[in-house]
Amino acid sequence: MSQMQKYQSSKIFNQTDGISMALYSVSINTSQKTILDHINLEIKEGEMIAVLGKSGAGKSTLLRVIAGLVKTHRNMMFFNGSDFHSLKKNDKNQLRKNIGFIPQQFKLIKELSVFENVMIGRLGKMGRFSSMFRIYPQNDKKIALECIAKVGLSGKESLVARKLSGGEQQRVAIARCLAQEPQIILADEPVASLDVSLIETILEILDNENKKGKTVVFVMHDVELAKRFAKRMILMKEGKIISDKLTEETKDDSIKSLFN
Ligand SMILES: Nc1ncnc2c1ncn2[C@@H]1O[C@H](COP(=O)(O)OP(=O)(O)OP(=O)(O)O)[C@@H](O)[C@H]1O
């Protein structure tokens, strides 16, 4: 691919496009420590990947880097072959609309209702007028309500987020991400606050999104669940990737060594 083609990006992040991405030697340092240490990673469109590691290994930071929430140096992060930092503003925005992030801390607007929080996922698809005045098109409302139903929160649409339990808030964050209809879903411990009965439901929702062609990368502490749902496993220790293989090729010993 020529440099010209590489940076000619105006149409590459359409809603229907898949997105593959690559991180080349990304390191993130703070004054006290190295959080990510020479991470090299390629993620193809339609993969379902679990990221495992003990607390502090750098898993959330890795997801935040992919989501474009942590600055990397030029020429280190590529989407569909295009250098993220060289993208035009419009293309960057288009790309961001196609990356859904379910943060560990949910990041809901506590004073807004479940419905309004989930509608935030639709804002990127609406005109400025609709989003400014909260006059939402019927189709967007329908999608938001369907996503609320998917995560089992029908009937709670008008409750304000601060009145929800931790598990309910987590499901609102998941519904908000689904409502965005992104091509890449980054989920940071998406079932950490959920009852056993709901864990399967949520992972099956992510699995279904993957079967529809979405790329899903999730951080998970439960090794057995990660093995069941992910086709590839990235094992992280002290900011480094120590194993990156298909799930069936990932050795139990490597997983055990994460927690020593
Ligand atoms: N902005 C920051 N400034 C300084 N240190 C940070 C920052 N973000 C993360 N860290 C540190 O980097 C390390 C990795 O953090 P990160 O949240 O990525 O780990 P993690 O593997 O997701 O952990 P957990 O499973 O507990 O969520 C931690 O020691 C954390 O304190």
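Ala, Val, Leu, Ile, Met, Phe, Trp, Tyr, Cys and Pro count here as nonpolar, Asp, Glu, Lys and Arg as charged, and the others, Gly among them, as polar. The model is predicted: local features require pLDDT of at least 70, side-chain atom pairs count only at pLDDT 80 or more, and totals for chains, interfaces and linings use all residues. Residue numbers start from 1 along each chain as its sequence is written.

**View A. The shell around the ligand.** The shell divides into 2 nonpolar, 8 polar and 1 charged residues. Its members are Thr30, Ile35, Gly53, Ser55, Gly56, Ala57, Gly58, Lys59, Ser60, Thr61 and Gln104; a residue is near a molecule if its C-beta atom, placed from the backbone, lies within 6 Å of it. Helix H2 (residues 59–66) gives the most to this shell, with 3 residues. Helices (H or I, at least four residues) and strands (E, at least two) are DSSP runs, numbered from the N terminus.

View B. Ile202, Leu203, Ile205, Leu206, Glu209 and Asn210 are the buried residues of H8. Seen down the axis of H8, these residues fall within an arc of 145°, so they line one face of the helix; the arc is that of the directions from the helix axis to the C-beta atoms. An α-helix has 3.6 residues a turn, so residues three or four places apart point the same way. On the face turned away from the buried side are the exposed residues Val196, Ser197, Glu204 and Lys211. A residue is buried if 20 or more other C-beta atoms lie within 10 Å of its own, exposed if 12 or fewer, and partly exposed in between, with C-beta atoms placed from the backbone. Among the elements covering the buried residues of H8 are strand E3 (48–52), helix H6 (138–150) and helix H7 (166–180). Just after H8, Gly213 takes a positive phi of about 110°.

**View C. The largest nonpolar core and helix H7.** Of the 66 residues in this core, Ala50, Val51, Val118, Cys147, Val172, Ala175 and Leu186 touch the most other members. H7 gives the most to this core, with 7 residues. A nonpolar core is a set of buried Ala, Val, Leu, Ile, Met, Phe, Trp, Tyr and Cys residues joined through C-beta atoms within 7 Å. Because 13 of its 15 residues are buried, H7 is largely enclosed by the rest of the structure. Not counting residues up to four places away in sequence, Val51 touches Lys59, Leu62, Val217, Val219, Ile234 and Met236; contact requires C-beta atoms, placed from the backbone, within 7 Å.

**View D. Lys245 and its contacts.** Lys245 has its place in strand E10 (residues 240–246) and is partly exposed, with 13 other C-beta atoms within 10 Å. Lys245 and Met233 are 12 residues apart in sequence, with 5.7 Å from C-alpha to C-alpha.

**View E. Positive phi at two non-glycine residues.** Ser25, in strand E1 (residues 21–29), has a positive phi of about 45°. Phe106 has a positive phi of about 70° and lies in the loop between strand E6 (99–102) and helix H4 (114–119). Ser25 is partly exposed, with 14 other C-beta atoms within 10 Å, whereas Phe106 is buried, with 21.

Technical notes:
Contact = placed C-beta atoms within 7 Å.
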